Amino acid sequence: MRISLLNKIIYGFILCVSCSSLKNLDPSRNIKVLNEKKLLDSIKAHEIYPQWMKIRGNVRVKINDDGEQEMEINLRSKIDSAIWINISKFKKKIFRTLLKKDSIKMTIEYPDKIFFDGSTKSFNNLTGISLSYNLIEELINGGSYLKYIDHKFKLQFRENNYHLQTHFPKKTKKIPNKKANKNTTYIYESWIDPINYYCNRINIINPENNSEINISYNNWKNFLSYNLPTNIQLIISNNDIEYFISMNFKSIKLDQPQKFPFISTFKDYKSFQENE
């Protein structure tokens, strides 16, 4: 039950990048052009996450051309500590997980009752997914992942956004066709709003297996001085399969201490190892 696609893609968020001056500014917008350092400082200054989150909404999932499935999602988090996710349909629980810095608890109710309770490292080795707490925390907060990048990058102005990119377009087209490229494993792009410094889009390409992930953060709103997207869309694909995931948050409550309920015994469940 290895999920090799997600392993190849998700693990590519920690990347490298190259640098240049801004070009192609849109004269119709009143934009103060920042250099690379000031832009990064401005993005990081605006990426301030709430201590506590409680979110309720819907998630839509589609795989290739199969019919789209809609479910309810409930999410709770404490910054730098824990993320709790519960997915259900018609009030019937389907999936629940509790993520911490180094551990994961998870239950799947359908089609079989399966559980995992152990270290993140063990989970990743068992499933083939390179899952991390920081990855999910950035996603639900509308993060750019730039805080995890310590290399240089190319900076342009494109589509009325700051555009951060690891490679020049000519190189980007060529690299996925190479069977081996030890110096460049992942290609990263992001589009940053030049006024509010929101991250609007992220694109990650893994040339080794022609897999790709696109993240779109939409409908940004202000909650208690925090700016958060209320719609997050992901498209995860390779040569064989494409996943579309859209999360629409209807209710967001912040800075209220939360509980993270989870069952204490798994006697009615099979372990992930037994289900392989």
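Mentor: Start with a term. A nonpolar core is a set of buried Ala, Val, Leu, Ile, Met, Phe, Trp, Tyr and Cys residues joined through side-chain atoms within 4.5 Å. Keep in mind that this is a predicted model.

Trainee: Which residues touch the most other members of the largest nonpolar core?

Mentor: In soluble globular proteins, nonpolar side chains tend to be buried together. Here the largest nonpolar core holds 57 residues. Two of them touch the most other members: I215 and Y217.

Trainee: Which residues is Y217 in contact with, leaving aside neighbours within four places in sequence?

Mentor: Contact means heavy atoms within 4.5 Å. Y217 meets that cut-off with E138, L139, G142, G143, Y145, C199, N200, I202, P229, N231 and I232.

Trainee: How many residues are in the second, separate core?

Mentor: Its members include L98, F115, F262 and F266. The count for this second core is seven residues.

Trainee: Is S144 buried or exposed?

Mentor: S144 sits in the loop between α4 (133–140) and β7 (154–158). Beyond four places in sequence, S144 touches I43, E47, E138, Y188, I192, C199 and I202. Buried means under 20% relative accessible area. S144 has a relative accessible area of 0%, so S144 is buried.

Trainee: How do the residues lining the largest cavity divide?

Mentor: The structure holds three cavities of 30 Å³ or more. The largest has a volume of about 90 Å³. Its lining includes H46, E47, Y49, C199 and W220. By class, the lining residues are six nonpolar, five polar and one charged.

Trainee: Is the pair of W52 and F260 stacked or edge-to-face?

Mentor: The whole structure has nine aromatic pairs. For W52 and F260, the ring centres are 6.4 Å apart and the planes lie at 15°. Planes under 30 degrees apart count as stacked. The W52 and F260 pair is therefore stacked.

Trainee: How many residues apart are W52 and F260?

Mentor: W52 is in strand β1 (residues 52–63). F260 is in the loop between β13 (242–254) and β14 (270–271). The pair links distant parts of the chain, 208 residues apart.

Trainee: What kind of pair do F266 and Y269 form?

Mentor: F266 is buried at 13% relative accessibility, and Y269 is buried at 14%. Ring pairs link F115, F266 and Y269 into a cluster. The F266 and Y269 ring centres are 6.3 Å apart, with planes at 80°, so the pair is edge-to-face.

Terms used
Residues numbered from 1 in each chain as written. Predicted model: local features only at pLDDT ≥ 70, side-chain atom pairs only at ≥ 80, totals over all residues. Heavy atoms only, no water. 1 Å grid on protein atoms, 1.4 Å probe; cavity = no way out; pocket = protein on both sides within 12 Å on 5 of 7 lines; lining within 4 Å. Points joined across faces, edges and corners; volume = space filled by probe spheres on them. Nonpolar A, V, L, I, M, F, W, Y, C, P; charged D, E, K, R; others polar. Buried < 20%, exposed > 50% of the residue type's maximum accessible area, 1.4 Å probe, protein only. Helix = DSSP H or I, 4+ residues; strand = E, 2+ residues; numbered from the N terminus. Phe/Tyr/Trp six-rings, centres within 6.5 Å; stacked < 30°, edge-to-face > 60°.
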